[in-house]
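Please keep the sequence and the model open alongside the text.

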Amino acid sequence: MVTLLLILIPLAGGLLVMTLREAAARIASGILVAVTALVALWAAATWGAGAALRFGLCLDWVPAWGISFSLGLDGLSLPLVLLTVLVTPVALIVAARREDRRSPTLYGLILAMEAGLVGVFAARDAIVFYLFWELALVPVYFIAGFWGGAKRVPVTLKFLVYTVAGSLFMLFGILYVHAFTLAPRGFSLSAFYTATLPAEAAPWILAAFAVAFAIKMPLFPFHTWQSDTYHEAPASGSLLLAALMAKMGLYGVMRWMLPVFPTAFATWQPLFLALGVIGVVWGSLVALAQDDMKRLLAWSSFSHTGLMAAGVFSLGFIGFQGGVVQMLAHGLSIAGLFLAVDIFETRTGGRRIGAVSGLAHRNGAFAVLFVLLALSAIGLPLTAGFAGEFLLLLSLSKLGLWWALAGGLGIILGAVLYLQWIRRSFLGPEPKEVAAFKLKPTEAGALGFLALGGIVLGVYPKPLLELARPTLDALLLVIGAR
Amino acid sequence: MSLYILLPVLAILVLFANLGRLKALTLPLAIVGLVAATALAALGFGLNHPILKGMAEFDGYATAFSLLLIVMTGLSVLLLATPSGSTDIPRSEMAGLLILSLTGGVMLASYTNLVMLFLGIEILSIPVYVLAGARKGDAAGNEAALKYFLNGAFATGILLFGIGLIYAGTGQFSLDGILQWSQANQGSNHPLFLLGLLFLLFGLAFKVSAAPFHFWTPDVYEGAPSVVTAYMSTVVKIAAIAAFFRLLGRAFPAASERWGWILVLLAVLTLLIGNLGALAQGGFKRLMAYSGISHAGYLLIALLAKGSMAAGALWIYAAAYAAATMIAFAIWARFEEAGEGDRIEAFAGLRSRSPFLAVALGVAMLSLVGVPPLGGFFGKLFVFGNAVGQGRIALVVFAVVMSALGVAYYMRPVIQAWFHEGAVKTVLPLRAAEVTVLTICMVALFALAATPGLLLGAF
């Protein structure tokens, strides 16, 4: 019931909000995300130990096909649901801070997207998973297509065709696995975990799932939509894409790909690892050459995702732990950075790096918050980024030192990237053309919350690790890697 | 049985009402009659009784498809009822012809004898030949009518020839008789029988506009008035596919290794031509015509499976396709009427001109793409699922690639409506009949998602 509420409140609320006038819609959507967040936090507060599924719900949907509307939370779902309900309010703040772009439709779409994301993380049936997977996509397509930049139409169409094509391959994969589940056939997670696929077909079906997840993350070489889409989308859309939607792919890998095709994956593991590691280095190198802040964040995000994927693909407990921590760490820091870029753009009139420097003279608090977020993105010790990346690299190093070295190279390049950005935009002589400015309470609150969240998670990741441990153990048991 | 009486009587009443001073009553009469027919059909659920000395049978399958056809015809008639500035089409006479044609559709859903199949096809088609040319002074409309008539007559000829050959080979007209004959003559390798089956397949492929028998579709759809196009692309196509499935499932289940590969070939060709053709279109009706061809391809995949699960999948696919297509043409009728061009760009700025129409267009196109939780998704899910269950992996992978292409062209009207500003900015006021049609179709698209289990169990 709690899980259903986490989906229904934003979904029904989002549809309602679209019919209101702007001012009322803004307040209503604020209340709705707050209530959703409180429900999720209550679920987390009453969490006990163990791997068991909590707040489960299972209704017959299409009995003849073994489809059931099945939801629930466990140690892997809950952290991502928490990330979703905590970052969505930030997306709303970003959406509402530019007065010329305020719109009830935008708020409603953000809420609908929240519902889709929670559904993806809570689904326990492949068809339900697919349903929410697409439900999360449609709102963000309209957000980017409607409020985006000049080239939004072709760019978002490419994004949509790309992702839907990936999803359709996954749908085929789902149907194929279904045909090989034990009788009575079904689409439930447990049916998928016990399906026995013919050995010669398994790699192909693995590929069908992998393409969908690789496009969503994105993983090299399926990333060509990313930089353009992040660039053209409005800040709220880019934020949702980078902080939340990218996590759907990695979550899908951990929940729906690795445990279903453990043998086929083991054969192709080096390829997957290589794709992840190529992304790490490629992303950070290209990011270094960007002078648009949103493009820089897109490429840096691509690089981070590559490392997360490589760590998870290393198929170890530590890698999985690192994946969970880093998904949260990256979600918090990238959301903060997109908000910061949007503030930067509205206050200085542009987002080209180097066009305005020395912004720290104009607002010291903003500079400090930005630096904190950037340090978490770099992975400085005591930030969440460090905890996550350390675990990911540790797991990679167990497979081979070269994997870890290549991953580490990406981190070093990332550090160069963000430190340069800080130097060029926030340090240096006073900017004459920009007046001193104050942050609005919502802006300062959101930035502060995200920066602080990164630090708390970095200093004391233990509750998160304990929360995820039993579920990760169980998953690795299914994969047979434990 | 009662439908066989009610529908023609209703059609005649509606036609005659035009002659007298009751012209204003014709459309209400047609609607009331069709609602009664819906109720009558629904009441007959579960009463499997052969009628007309075994010429037809209203089993669950026949009832379910009859219901779909009646509702879709009712929606077409409702579209006719919208008051319009242009009076260039004889709306009330058209309602009578639509109901007459529907009679043929119901026969195609319920026949158990090849003679009834032929009669059904003819009764379904002949009124539509007239309807396609409803705009008497319009050259494109006349061209459409003539093209449709010539092609349709040709297809019927082939079909009739096939029926004759089957009879020559087996001595049977009834579906059950043919089945018994082929079971008695193991392998059923009689050349007349096989040739007849081939001709039957081709004749029906014509009616569902499957490639390579599709070439009349874009021109006819483009030339006919939108209401008629809506009817053709929903009722006519679904009636034909329902007849197709009944024929294969009841008379030729054992011959599947013979006709299976032909259907696969037709499906692949239809999907390829439909989807690639749609990508290249600039006019909305032509886009929808190619969309109709591509969906004929998916429906052909649905024909490959047998049994009640397959029938349910076919019904859900057909219903979702019909509801979405009806929405598309209902909206397009507005633009056609206002003479705002035939290009997809006519939708530009629809969001600000009428948010309701823009939402309806978005829902319809997303359903045609197959985005959950809309009906189109469940249609694809069950049809593809059945095909995967039969081991037709390559075919499904091909269909998946083609569905991905669908995103590229179904989004074009949506992009125009939502993301572009148009030159014409006048507000489009909503009309009661139109709102009813669009609401029914949208509710149906969502309801199909809530109840697929119930529907699958009804066959």
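How many helices and how many strands does chain A have? Chain A has 18 helices and two strands, where helices (H or I, at least four residues) and strands (E, at least two) are DSSP runs, numbered from the N terminus.

## Basis of the report

This is a predicted model, in which local features need pLDDT of at least 70 and side-chain atom pairs count only at pLDDT 80 or more, while totals for chains, interfaces and linings use all residues. Residues are numbered from 1 along each chain as its sequence is written, and chains are lettered from A and ligands numbered from 1 in the order in which they are written.

## Chain A as a whole

Along the principal axes, the C-alpha atoms of chain A fill a box of roughly 70 × 55 × 45 Å. A compact globule with 482 residues would have a radius of gyration near 23 Å, and the 21 Å of chain A agrees with this; the radius is taken over C-alpha atoms, and the globule rule is 2.2 Å times the number of residues to the power 0.38.

Of the 482 residues in chain A, 62% are buried. A residue counts as buried if 20 or more other C-beta atoms lie within 10 Å of its own, as exposed if 12 or fewer do, and as partly exposed in between, with C-beta atoms placed from the backbone.

## Where chain A touches chain B

The contact takes 27 residues from chain A and 25 residues from chain B, two residues being in contact if their C-beta atoms, placed from the backbone, lie within 7 Å. On the side of chain A, strand S1 (54–62), helix H5 (126–147) and helix H6 (152–179) each supply at least two residues, and H6(A) gives the most, with 14 residues.

By class, this side of chain A has 22 nonpolar, two polar and three charged residues. Here Ala, Val, Leu, Ile, Met, Phe, Trp, Tyr, Cys and Pro count as nonpolar, Asp, Glu, Lys and Arg as charged, and the others, Gly among them, as polar.

## A helix pair and its loop

Helix H12 (residues 293–313) and helix H13 (residues 317–348) of chain A pack at an angle of about 175 degrees, with their axes 9 Å apart, which makes H12(A) roughly antiparallel to H13(A). Axes are lines fitted to C-alpha atoms, for helices over the stretch in contact, and angles run from 0 to 180 degrees between N-to-C directions; those under 35 degrees count as roughly parallel, over 145 as roughly antiparallel, 65 to 115 as roughly perpendicular and the rest as oblique.

In the loop between H12 and H13 of chain A lies Leu315(A), which has a positive phi of about 55 degrees although it is not a glycine. Leu315(A) is buried, with 23 other C-beta atoms within 10 Å.

## Other backbone features of chain A

Most residues other than glycine have a negative phi, and most peptide bonds are trans. Leu382(A), in the loop between helix H14 (364–378) and helix H15 (384–399), has a positive phi of about 80 degrees and is partly exposed, with 13 other C-beta atoms within 10 Å.

The peptide bond from Ala183(A) to Pro184(A) is cis, with omega near -10 degrees, and the bond from Phe220(A) to Pro221(A) is also cis, with omega near 0 degrees.
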